[in-house]
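Let us read a protein model step by step. Each question below can be followed on the structure itself.

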Amino acid sequence: MHPSIKIPDDFIQLMREIMPKNLNVDDFLNSCRTPLRRSIRVNTLKISVADFLARVADKDWTLSPIPWCEEGFWIEREDEISVSLGNTAEHMAGLFYIQEASSMIPVSALIKDNDQLNCILDMASAPGSKTTQLAAEMNNKGTLVANELAASRIKVLHSNLQRCGVHNVALTHFDGCVFGAWAPESFDSILLDAPCSGEGAIRKDEDAMANWSLSSIEEIAEIQRNLIISAFQALKPNGVMVYSTCTLNLSENQRACHFLKETFGDAVQFEPLNDLFEHADRACTPEGFLHVFPQVFDSEGFFVARVRKTHSVPTPAVKKRLGKFPFQLASKDEQQRIADQLNVDLNIQISLEEKQIWLRDKEIWLFPTRLQPLLSEIRFQRIGIKLAESHKKGQRWQHEAIMTLATGKEEKAVALTALEAKEWFMGRDIRPESLAGQGEVIVTYRDFPIGLGKWVSNRIKNGLPRELVRDKNLFDI
C-alpha cells in the first residue's frame, strides 16, 4: 500500500467522531497505509492443523497463529515472487484457504458454544471463505445453504467449495431479503456477512474508498436493515445469528443491530463477544459487539455481532411458484447399488445416513439429507455434488466427486511426482513409469487427490475440467 493513498476527508472526520477514547486517528491512518499481513486458514476437511504444519515445515514459510481461529495463521514467505500462494500445490489440493484474518472472526463467533449447527444459512457467501470455514466446522455434516446474489460470483463460489472438499452445501441465487418470507424460521443458525461500503478493506485494496461518500453509506445501510430483518425471520427460535461487515461506520454496524432490536424487541438478545478470544475486549463495544479498528490487531477493519432469537416473530406471507423439481430421490436399493459401485470402482465409501442419492436424467447427485424439508420451500441453484453420469457400461465418475470424497489413500490411486503433478495441472496426460491399468483412477500428489483420470494402456488420460487448467507459475518441483 502506498503511504500517500488518498483517504477522503469526510471519512477521516467520521472516524474521529466514532473512534473509542483508547484509540487515536493517527494510529488508524498509519495502519490504513500499511500493507495488510497475508493469512491462511487450514482446511480441516482435508488435513489436520498438525499434519499441515508438518507438511509445510520444509518450506520458507513463517506461520504465526491467529488468536481467534485455531486453524488460522498469518504467513510470511520468501518464495512469494516465484510462485503465488494460490499456485502452490497445497492450495490447489484444497489444504488451505487464503483468507483475511479478521474475516475468520464471524464464523468463530457463530460456532462458539453453539449446538445449533444442523441447518445453517450463509446469506451472502461468495467467494466462499466463510462458507468453507463453516463447512469445516460442521465437518460436512448437516446442511449448509450458501446464498449469493451476484450471478458472476457463483461460479467462483462453487469452485472453492469443490477444491476444499465441501459436499454438504446447497447454493441459492437470491436477494437475501426473500428468506424471511420464503423460509420463515427454517435455519438453526445464520451468518449474514452483509454487503457493505468496505471501509475496513483499504489495507488490501487501495481503491476500496474510490466511491465512498456519506450518502452512499446511508444507501447501503438501508439494504443491510432489510437483510438483517429477513435473516432474523428465517432463524429458528433459540437460534443464533451473526451479523458482520468489513466496514467501520456506525450506520452499517451498531445501528443496523439496534434497528433489529427496535423492530422485534425482546425477541432479540445480543450475546457479548468480549471473551471470544484473548484480548477480544480491546475491540468490544458496550453492547458486546466486536468493532475491530485495523490498528487494534494489525488486521483488516471488521464488525461482528452475535444475536440470539428468544422467540418467534411475525413473517410476511408470500405465494410461491417454485416450478417442478427436476430431481427424483433414488430408491434405497438403487442408492445402495450406486454407493457399492463407487466403492468397487474407486474404493470410495459414502454414508447414506447423512447423504442421499438423487437422479436427474442420466445424472447421479449426492445431496445432504437434512436439506430435504427445504426442497419444497426454496428454489436451489445447485445442490450437493454431482457424483456421476450413467452410460451403458456403468457410471462415469466426476472430478468433483473425487475432490470432495476421496482421501488419497484409496487402493485405486496413483501417486504422481512433482513434475507429473505440474503436467496434470496443465491439462496433460500422464505416463507413470512402469505402470499400466484400466478404468478410472484417482491421481494424487503428496498423498492428496488432485483429480480423476482414465487408464489408456500405460497412459492416464487427463480428466481435469478445462476451467481448472493452469499453464504457468506453478509450484516448484
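**Ile 229, then the wider chain**

Q: Is Ile 229 buried or exposed?
A: This model is predicted. Residues under 20% relative accessible area count as buried. Ile 229 has 16% relative accessibility, so it counts as buried.

Q: Which residues does Ile 229 touch, not counting those up to four places away in sequence?
A: Start with its place: Ile 229 sits in helix α9, residues 214-234. A contact needs heavy atoms within 4.5 Å. Beyond its sequence neighbours, Ile 229 touches Phe 259, Leu 260, Thr 263 and Phe 264.

Q: What distance separates the C-alpha atoms of Ile 229 and Lys 319?
A: Along the chain, Ile 229 and Lys 319 are 90 residues apart.

Q: How many helices and strands does the chain have?
A: Both kinds of element are present in the chain. The count is 14 helices and 22 strands.

Q: Why is the chain described as being as compact as a globular protein of that length?
A: The globule rule gives 23 Å for 477 residues. The chain comes close to that value, so it is as compact as a globular protein of that length. Its radius of gyration is 23 Å.

Q: What share of the contacts with a separation of 6 or more joins residues 24 or more positions apart?
A: Burial first: of the 477 residues, 56% count as buried. Now take the contacts with a separation of 6 or more. Residues 24 or more positions apart account for 72%.

Q: Which residues of helix α7 are buried?
A: Helix α7 spans residues 151-163. Just after it, Gly 165 takes a positive phi of about 75°. The buried residues of α7 are Ile 154, Leu 157, His 158, Asn 160, Leu 161, Gln 162 and Arg 163.

Q: Is Glu 353 buried or exposed?
A: Glu 353 lies in the loop between α12 and β14. Its C-alpha is 9.7 Å from that of Arg 370. A residue over 50% relative accessible area counts as exposed. Glu 353 has 71%, so it is exposed.

Q: Is the peptide bond from Ala 126 to Pro 127 cis or trans?
A: Pro 127 is found in the loop between β5 and α6. The omega of this bond is near 5°. The bond is cis.

Q: What is the phi of Asp 298?
A: Asp 298 is in the loop between α11 and β12. At 30% relative accessibility, it counts as partly exposed. Its phi is positive, though the residue is not a glycine. The value is near 55°.

Q: What is the relative accessibility of Ser 434?
A: Ser 434 is in the loop between α14 and β20. It has a positive phi of about 60°, although it is not a glycine. It counts as exposed, with a relative accessibility of 75%.

Key: Residues numbered from 1 in each chain as written. Predicted model: local features only at pLDDT ≥ 70, side-chain atom pairs only at ≥ 80, totals over all residues. Heavy atoms only, no water. Helix = DSSP H or I, 4+ residues; strand = E, 2+ residues; numbered from the N terminus. Rg over C-alpha atoms; globule rule 2.2 N^0.38 Å. Buried < 20%, exposed > 50% of the residue type's maximum accessible area, 1.4 Å probe, protein only.
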